[in-house]
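Visitor: I would like to go through this model with you and ask what lies behind the terms used for it. Could you show it to me before we begin?

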Amino acid sequence: NPLESAFSGVRLRTNVTKRFRKARTALYMVFKLIERLSLNWKPIKGKNLLSLIIQGDQFEDGLLVTKKVA
């Protein structure tokens, strides 16, 4: 899960410092950590299929299920 892995990296580094003198400094460090950790994320595959999902089309095992009209 990309979110959990990003926040675990942030948690590791913020636990070491324990306390920041300014909230802005902490926010800056968290932003930079997430920005750096996001470089390893893989792009979403099949983002062109999101419109089909929104329309209500069904997928089984990653394949579009076509409905047969009798």
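Visitor: Why is Glu35 called partly exposed?

Guide: Glu35 has a relative accessibility of 37%, and because buried means under 20% relative accessible area and exposed over 50%, with partly exposed in between (1.4 Å probe, protein chains only), Glu35 counts as partly exposed. Lys32, at 35% relative accessibility, is therefore placed in that class as well. This is a predicted model, in which local features need pLDDT of at least 70 and side-chain atom pairs count only at pLDDT 80 or more, while totals for chains, interfaces and linings use all residues. Residues are numbered from 1 along each chain as its sequence is written, and side-chain values use heavy atoms, with hydrogens and water left out.

Visitor: What makes the contact of Glu35 with Lys32 a salt bridge?

Guide: The closest N and O atoms of Glu35 and Lys32 are 3.1 Å apart, and since a salt bridge is a side-chain nitrogen of Lys or Arg within 4 Å of a carboxyl oxygen of Asp or Glu, the pair qualifies as one. The structure holds one salt bridge.

Visitor: Where do Glu35 and Lys32 lie?

Guide: Both lie in helix 2 (residues 23–37), three residues apart, about one turn of the helix; helices here are DSSP runs of H or I with at least four residues, strands are runs of E with at least two, and both are numbered from the N terminus. The chain has three helices and two strands, in the order α-α-α-β-β from the N terminus on.
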